[in-house]
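Welcome to this short tour. Please open your viewer, keep the selection tool handy, and follow the stops below one by one.

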Amino acid sequence: VLVATSAALLVVVALWHKTTASDRVTSALAAQDDAITVACLGASITWGLCSSDPHTRSWPAVLQGLLDDKYGDGTFRVLNYGSCGRVMTLGHFWSYENSTEWTLALESGADIVAIDLGGDDADVTVAWDEDKFRYSYRRMISQLRALPSEPEILPFSELPFHHIRQDNNEFVGSLADITEIRNHELPKIVAEIAADESRSPLDRE
């Protein structure tokens, strides 16, 4: 899954190069000391939870290796701003915008920002509010778009939720609610927001 996610983003990055004619990109590709910065925003999956080594096997770390192999060391700099348990929805204690990682991401001067948030908003400990989620997502895109670096913004479609103990997709109670939101509602919502904001969602299913 991590390699598939990174490979998909690698393809997007390659297409971005071909369709972006800015002097900033041309200069960054020509100068090894002026790397194109990719900021990866997300929760536990982005951080690398349950990977063999978050520092080397999180999907941002794998992406760094793939980009180095394809474009050469130093052309890209991938920054992991994953923060476990964070949600997109504003007003919640675990809102991503309350995290240090969000502050660092805003200060990173990123040329590309990948948004991998939303899965934890479907958790039973979070009161799901679609309108607030949509507002929060659009607000984040607006803040990123206003940055001096004018980054390309890549929303992610969330990975599907599966039962940990018995992966038969038969859920009861709260698990059914999580599954419905994460597997069916969130991908549609993110796709709609991306379309409205003239962005292409990265589908990882």
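A nonpolar core, as the term is used here, is a set of buried Ala, Val, Leu, Ile, Met, Phe, Trp, Tyr and Cys residues joined through side-chain atoms within 4.5 Å. Keep in mind that this is a predicted model.

**Stop 1: the main core.** Start by selecting Leu41, Ile115, Tyr137, Met140 and Leu144, the residues with the most contacts inside the largest nonpolar core, which has 27 residues. Now colour the elements β1 (36-42), β2 (76-82), α6 (100-106), β3 (112-116), α7 (130-145) and α8 (174-196): each gives this core at least two residues. Which element supplies the largest share? That is α8, with six residues.

Next, centre the view on Leu41 and show its surroundings. Leaving aside residues up to four places away in sequence, Leu41 touches a group that includes Tyr81, Trp102, Ile115, Met140 and Leu144.

**Stop 2: a second core.** Select Cys40, Leu63, Phe76 and Ala114, which are among the 12 residues of a second, separate core. Cys40 is buried, with a relative accessible area of 0%.

Is Cys84 buried or partly exposed? Its relative accessibility is 33%, so Cys84 counts as partly exposed. How many disulfides does the structure hold? The count is zero.

**Stop 3: aromatic pairs.** Now show the aromatic rings; the model has six aromatic pairs. Pick Trp59 and Phe156, whose ring centres are 5.1 Å apart; their planes meet at 35 degrees, so this pair is tilted. Zoom out to see that the pair links distant parts of the chain, with Trp59 in helix α5 (residues 59-71) and Phe156 in strand β4 (residues 152-157), 97 residues apart. Trp59 is buried, at 0% relative accessibility, and Phe156 is buried at 0% as well.

Move on to Tyr71 and Phe76. Their ring centres lie 5.3 Å apart and their planes are at 50 degrees, so this pair is tilted too. Tyr71 is partly exposed, with a relative accessible area of 24%, whereas Phe76 is buried at 3%.

**Last stop: a ring cluster.** Finish by selecting Trp128, Phe133 and Tyr137, which ring pairs join into a cluster.

Key
Residues numbered from 1 in each chain as written. Predicted model: local features only at pLDDT ≥ 70, side-chain atom pairs only at ≥ 80, totals over all residues. Heavy atoms only, no water. Phe/Tyr/Trp six-rings, centres within 6.5 Å; stacked < 30°, edge-to-face > 60°. Helix = DSSP H or I, 4+ residues; strand = E, 2+ residues; numbered from the N terminus. Buried < 20%, exposed > 50% of the residue type's maximum accessible area, 1.4 Å probe, protein only. Contact = heavy atoms within 4.5 Å. Disulfide = S-S within 2.5 Å.
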